[in-house]
Amino acid sequence: MGRIQITDIERGDAGTIGAPNALLAEWATESANIDAENIAPGGLDRRNLDANVANGEMSAPSEVFQNDTTIYNVTTTTSPVTFGGIAAEIGPFIIDTTNDREWLIHVSAEISVPSGMLIFELHMADDGPVGTGTFVLLPYTTRRDVIGGGWHSAGMTYRLVEPVASLTTWFALYAYDTAAVSKIRNVDIYAEELVR
Amino acid sequence: MALTYHTRHLEDQDVIDPADWVQNHADIAGEFNGHLDRDNVPELGVTVDRIAPGTFHTVDSDEGVGPVAVTGGAIGWQDVCEVHLDVDCDCVIEADWGGIFSWTTAPSEPNVGIRLLIDGSLGHQIPRVYVPLRRSFNISGVANASRGIVRVVGQMRLFTDVTSSPVGKDADVSHYQIIAVARTR
């Protein structure tokens, strides 16, 4: 904490410049030591904070594919989930997890697995959206579901742990099914940037 | 502060009195020494790089491909994975836990309980849900927590029929990630 100690000058003291200079030096030194202790408890409020100080702003709106009648039929090869030719993806985001930032990516969907097993995963690319980008599987996001339950909800929340600095990023949902009978609908993907 | 006026206003022809100098500095120093507030900081003046890490959020996670065993012979809730947060103020903890649940051999009436414990409190619980041989799961929970080490635990319990306590069948959890976010209150 920067703390100013007043150099007192009494009436009758010798009229030298020493004491005023000492006080001015104190200001110069201590003004460089300002920290949280100089602020009154509860002294700051929302008006003092710049935009996006606590929560980052998404660089693109989350895509929502919520329509019971629009269904993606899963294929036998790992492919991006698409609805009417539009991929279930979000981006681009400027991801930076090294500068006290955290990124959480939330995915929810509805799936139907009439037989066999559905595998769905979250993928990431740093060179373009689905169609042009090179998407890779994010670790720990593989989800496997076997037959049962008709349509049921599925989802994941993924924390991007790897340090990534200023990387332009897209996230997309991928899926495959060895029997090509599974279906996906009502997908929502959104990314949340937190400031630590 | 709000505004601090100089107590002593000096004018030409005044007799030099050191108290004028000292008092005016003391007024400002009194504010500087721990009483600065919103009036001293411009609107939108605090940018993110001026804020100490951990002020708004503390985040941690534990993840792995696994598999982590869930023992069928055990009775009741079993710890499957956990993450610890070190928070320095009272906060709200939001937790997410997801992965793939697999029975080693699926029982005839497979049911599983899934829950999140946050600092000893129940964040969220699905007491019993039908789970066939293999199914992904995702559960979110929230609870208040006090400063200190906050333990967030993902737990499961197994049922091999719709009414009884767990017996016999083993299971595991793979491709899991448990995430805890402390949001400052």
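Visitor: Among contacts in chain A between residues at least 6 apart in sequence, what percentage join residues at least 24 apart?

Guide: The answer is 79% of those contacts, where two residues are in contact if their C-beta atoms, placed from the backbone, lie within 7 Å. This is a predicted model, in which local features need pLDDT of at least 70 and side-chain atom pairs count only at pLDDT 80 or more, while totals for chains, interfaces and linings use all residues. Residues are numbered from 1 along each chain as its sequence is written, and chains are lettered from A and ligands numbered from 1 in the order in which they are written.

Chain A has one helix and 13 strands, helices (H or I, at least four residues) and strands (E, at least two) being DSSP runs numbered from the N terminus. Along the sequence the pattern of chain A is α-β-β-β-β-β-β-β-β-β-β-β-β-β. The domain assignment, which is automatic or from a database, gives domain 1 (1-49) and domain 2 (64-195) of chain A, and the C-alpha centres of these two domains lie 56 Å apart. The C-alpha atoms of chain A fill a box of roughly 100 × 30 × 25 Å along the principal axes. The radius of gyration of chain A is 28 Å, whereas a compact globule of 196 residues would have one near 16 Å; this radius is taken over C-alpha atoms, and the globule rule is 2.2 Å times the number of residues to the power 0.38.

Within chain A, strand β6 (residues 89-95) is mostly covered, since five of its seven residues are buried. β6(A) runs antiparallel to strand β12 (residues 167-177) of chain A, and five bridges join the two; strands are said to pair if DSSP finds at least two bridges between them. In this arrangement A:Ile94 stands opposite A:Thr168 of β12(A).

A:Val161 sits in the loop between β11 (152-159) and β12 of chain A, and A:Val161 is partly exposed because 19 other C-beta atoms lie within 10 Å. A:Val161 and A:Glu102 are 59 residues apart along the chain, yet their C-alpha atoms are separated by 8.1 Å. A:Asp188 belongs to strand β13 (residues 183-195) of chain A, and A:Asp188 counts as partly exposed because it has 17 C-beta neighbours inside 10 Å. The C-alpha atoms of A:Asp188 and A:His106 are separated by 7.9 Å, although these residues are 82 apart along the chain.

We can now turn to the partner chain. In the contact between the chains, 47 residues of chain B meet 48 residues of chain A. On the side of chain B that touches chain A, α1 (18-32), β1 (57-64), β4 (91-103), β7 (134-145) and β9 (171-184) of chain B each supply at least two residues. α1(B) gives the most to that side, with eight residues. By residue type, the side of chain B that touches chain A divides into 24 nonpolar, 15 polar and eight charged residues, with Ala, Val, Leu, Ile, Met, Phe, Trp, Tyr, Cys and Pro counted as nonpolar, Asp, Glu, Lys and Arg as charged, and the others, Gly among them, as polar.

One of the contributing strands, β9(B), is mostly covered, with 10 of its 14 residues buried. β9(B) pairs antiparallel with β4(B) over 12 bridges, and with β1(B) over eight bridges. In these pairings B:Gln177 of β9(B) is the bridge partner of B:Gly98 and also of B:Glu63. Strand β2 (residues 68-70) of chain B joins β9(B) in the antiparallel sense over three bridges, and there B:Val68 stands opposite B:Val173.

Chain B also holds an open sheet of four strands in the order β3-β8-β5-β6, with antiparallel pairing. Its edge strands, each pairing on one side only, are β3 (78-87) and β6 (121-130) of chain B. Within this chain, strand β5 (residues 111-118) and strand β8 (residues 148-159) run antiparallel and are joined by eight bridges, and the bridge partner of B:Ile118 in β8(B) is B:Val152.

Methods. A residue is buried if 20 or more other C-beta atoms lie within 10 Å of its own, exposed if 12 or fewer, and partly exposed in between; C-beta atoms are placed from the backbone.
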